Amino acid sequence: MGQTLSHKIIKNHLLSGTPAPGESIGLRMDQTLTQDATGTMACLQWEAIGLETVQTELSVNYVDHNTIQMGFRNPDDHRYLKSVAERYGMIFSPAGTGICHQLHLENFARPGKTLIGSDSHTPTAGGVGSLAIGAGGLSVALAMAGEPYTLPMPRIIGIHLDNALTGWASAKDVILALLGQLSVKGGVGAIMEYTGPGVASLTVPERATITNMGAELGATTSLFPSDEQTRRFLRAMHREADFEPLQADEDAVYDELITLDLARIEPMAACPHMPDKVVPVAELDGLAVNQVAIGSCTNSSYSDLKAAALLLQGRQRHEDTDLLIAPGSKQVLKMLTREGLLDAFLDSGGRLLECACGPCIGMGGSPSSGGVSVRTFNRNFEGRSGTQDGQIYLTSPLVAAQAALDGRFTDPATWGPAPTKPELPADVPDIKNLFLYPPQDRSKVEVQRGPNIVPLPPFEPLPETLAVPVVLKVGDNITTDHILPGGPQVTALRSNIPAISEYIYSRVDPEFVTRAKDAGQGIIVGGENYGQGSSREHAALAPRYLGIRAVVAKSFARIHRANLVNFGIVPLTFTNPADYDALEQGTRLTIPAATLRAGGTISLSSAEGVSIDVSNDLTEEELAVIRAGGKLNAVRHTIED
Ligand code: F3S
């Protein structure tokens with residue numbers, strides 16, 4: 001029986017387990033990636049492990065999220081990250097160089113390699129055939145220490161692409177169409193592996209847009225083969241030596257196969273406030289647009305920005321529509337400048353932002369109250385833009401640029417002939433000299449800490465019995481943005497757990513923190529898909545600091561579930577989802593933690609007579625981590641033993 005490409009890469013990196021769906025497997029990670037918002041904590045965790053040198057082939061510390069330097073906190077974090085990189089043998093990418101995923105794709109991602117990153121859009125590197133997985137910072141710190149990354153073997157979903165895109169349709173519309181079809185849960189527990197004759201028609205930046213937003217499907221990762229398109233891209237990036245042809249066997253068998261006809265894809269938009277609320281752009285005809293933002297790790301490549309620039313060239317944005325442009329990297333910016341395309345943006349009335357995440361993480365560029373913002377980004381969760389009632393639509397760069405010109409959504413059928421797809425030039429500027437590489441002798445490098453760098457709080461092991469109240473009950477599709485908001489004020493505190501914990505659930509329930517502190521310990525009750533969204537481990541770490549010992553939900557998002565385990569919080573699911581209604585805020589429950597068994601069921605009971613069964617899907621190893629009070633405690637024991 002033929003093998004999928006995912007199986008081939010997994011088998012090449014398998015350190016433990018059998019790659020059968022659901023079985024626990026341990027993978028060797030060749031590369032790691034951290035960004036500053038999660039990276040300071042990952043580096044504190046790395047330091048706590050106590051090794052002298054990273055054990056990976058390559059580890060890169062990027063600064064792209066908290067680039068605004070107002071006050072000492074962010075600059076202190078950047079200085080800390082730079083010094084940790086120098087001290088322990090990592091590469092450092094300073095603020096302004098670009099967005100981690102765009103930079104990694106251009107400079108470091110390699111076909112057939114494994115990559116783990118403390119950012120949920122790490123699968124962007126799947127665009128060149130790298131098996132790239134987003135995870136919490138602790139998992140990345142452990143990978144830097146040479147520990148295997150363990151996960152349940154995903155199902156492999158084949159996405160068979162036929163034909164090629166036509167007209168105004170672009171790669172963004174492919175992934176939006178899949179989101180509309182499969183929903184934000186459609187990829188949970190799966191690798192989305194792209195195959196079929198349509199693959200060859202997609203360039204690497206287009207593939208990377210698709211793999212990037214596989215994160216919104218909830219997928220473990222997404223993967224394209226490595227072929228002539230990959231060779232062309234790597235050659236343009238001065239890295240042809242990194243090319244290796246890779247593809248699934250002709251007779252590969254997938255756990256599920258979905259066929260998509262690229263020729264039938266039309267321009268789409270994801271409507272507020274979920275990436276899977278997808279409609280054809282034609283259905284939004286006439287809706288006024290207050291702001292357009294082009295950029296983010298999804299759509300900030302040279303080809304994306306050039307396509308938008310050519311549409312805007314010689315024309316003016318609508319006077320009521322702000323236009324923001326954030327190139328994905330300095331390389332992209334240099335290419336646009338060289339070709340005079342920056343002028344196209346500026347002369348059309350656009351505003352140039354730094355090569356960074358910017359508005360995507362609420363770092364400036366928030367829309368006005370109730371304003372409609374059309375963004376080429378990947379997430380449109382409520383409040384993520386920094387404006388609680390902002391109405392965020394996700395589209396391709398072409399749709400966004402057209403909306404900036406018209407001041408409203410219009411029907412693509414009225415736009416005339418579609419532009420041709422921009423190709424990468426042969427002589428792309430090489431920006432590798434912008435990265436800081438570790439010195440030969442690292443022994444004298446001192447790690448620099450400011451007052452915002454606060455050591456990790458210690459956590460107690462799980463007691464035999466927990467008698468704790470429900471301190472919060474929430475509904476379905478709670479995102480990590482709900483749990484811990486983004487924005488400059490909060491993200492500047494990512495290396496300071498006591499301070500950042502004050503913001504947990506602050507936008508959902510301002511009394512939560514006080515209630516949790518008063519209770520000392522507690523549990524949270526959630527609905528379906530609890531913790532979807534980003535990889536931010538602070539959404540588990542800070543609740544743990546506030547005394548949360550268990551979350552009982554109808555279902556969990558993958559990365560958040562793993563983060564809960566990593567910090568010693570027990571993820572439990574209702575055996576009967578209707579029991580969700582039996583639990584209220586304030587219900588005091590007894591959890592017989594000593595009787596927890598991997599994959600087993602226990603009963604939670606209250607003095608008022610509530611008794612409900614809850615299940616877990618923990619492995620033996622995960623249960624041991626929770627009993628130890630978190631992964632860092634468990635690993636420290638292993639190293640000390
Ligand atoms: Fe940055 Fe937004 Fe991507 S925060 S890493 S551009 S999802």
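1. Ground rules. Residues are numbered from 1 along each chain as its sequence is written. The model is predicted, so local features need pLDDT of at least 70 and side-chain atom pairs count only at pLDDT 80 or more, while totals for chains, interfaces and linings use all residues. Helices (H or I, at least four residues) and strands (E, at least two) are DSSP runs, numbered from the N terminus.

2. The barrel. Seven strands form a closed barrel in the order S20-S21-S22-S23-S26-S25-S24, and the pairing is mixed. From one strand to the next, the twist averages 40°. Two strands count as paired if DSSP finds at least two bridges between them. Axes here are lines fitted to C-alpha atoms, for helices over the stretch in contact, and angles run from 0 to 180 degrees between N-to-C directions.

3. S20 and its neighbours. S20 covers residues 466-473 and pairs with S21 (residues 522-525) in the parallel sense, over three bridges. Val470 stands opposite Ile523 of S21. S20 is also joined to S24 by four bridges, and these two strands run antiparallel. There, Val468 has Leu589 as its bridge partner.

4. Thr590 stands opposite Ser605 in S25.

5. S22 to S23. Which way do S22 and S23 run, parallel or antiparallel? They run parallel, with four bridges joining S22 (residues 548-553) to S23. Ala553 has Thr573 of S23 as its bridge partner. The chain goes from S22 through H18 to S23, a right-handed β-α-β crossover. Right-handed means that, with the strands pointing away from the viewer, the path from the first strand over the helix to the second runs clockwise.

6. S23 itself. S23 spans residues 570-574, and four of its five residues are buried. S23 pairs with S26 (residues 611-615) in the antiparallel sense, over two bridges. Thr573 has Ser615 in S26 as its bridge partner.

7. How many of the nine residues of H18 are buried? Nine of the nine are, so H18 (residues 558-566) is largely enclosed by the rest of the structure. The buried residues include Arg558, His560 and Arg561, as well as Ile559, Leu564 and Val565. Just after H18, Gly568 takes a positive phi of about 80°.

8. Annotation. UniProt, in an unreviewed entry, places "domain: Aconitase A/isopropylmalate dehydratase small subunit swivel" at residues 516-576. UniProt positions are given in the numbering used here, feature names are shortened, and annotations may be inferred rather than shown by experiment. In the model, this span is 34% helix and 25% strand, and its end C-alpha atoms lie 27 Å apart.

9. A loop residue. Ser501 lies in the loop between H15 (497-500) and H16 (512-519). Ser501 counts as buried because it has 22 C-beta neighbours inside 10 Å. Ser501 and Ala539 are 38 residues apart in sequence, yet their C-alpha atoms are 8.9 Å apart in space.

10. Helix pair H2 and H5. The axes of H2 (residues 36-49) and H5 (residues 137-144) come within 8 Å and cross at roughly 45°. The two are therefore oblique to each other. Angles under 35 degrees count as roughly parallel, over 145 as roughly antiparallel, 65 to 115 as roughly perpendicular and the rest as oblique. The crossing of H2 and H5 is right-handed. A crossing is left-handed if the near helix is turned anticlockwise from the far one by less than a right angle, and right-handed if clockwise.

11. Two further pairs. H6 (residues 171-182) and H7 (residues 204-212) pack at about 25°, with axes 8 Å apart. H6 and H7 are therefore roughly parallel, and their crossing is right-handed. The axes of H9 (residues 302-312) and H12 (residues 397-406) come within 9 Å and cross at roughly 30°. H9 and H12 are therefore roughly parallel, and H9 passes H12 in a right-handed crossing.

Terms used:
Buried ≥ 20, exposed ≤ 12 C-beta atoms within 10 Å, placed from the backbone.
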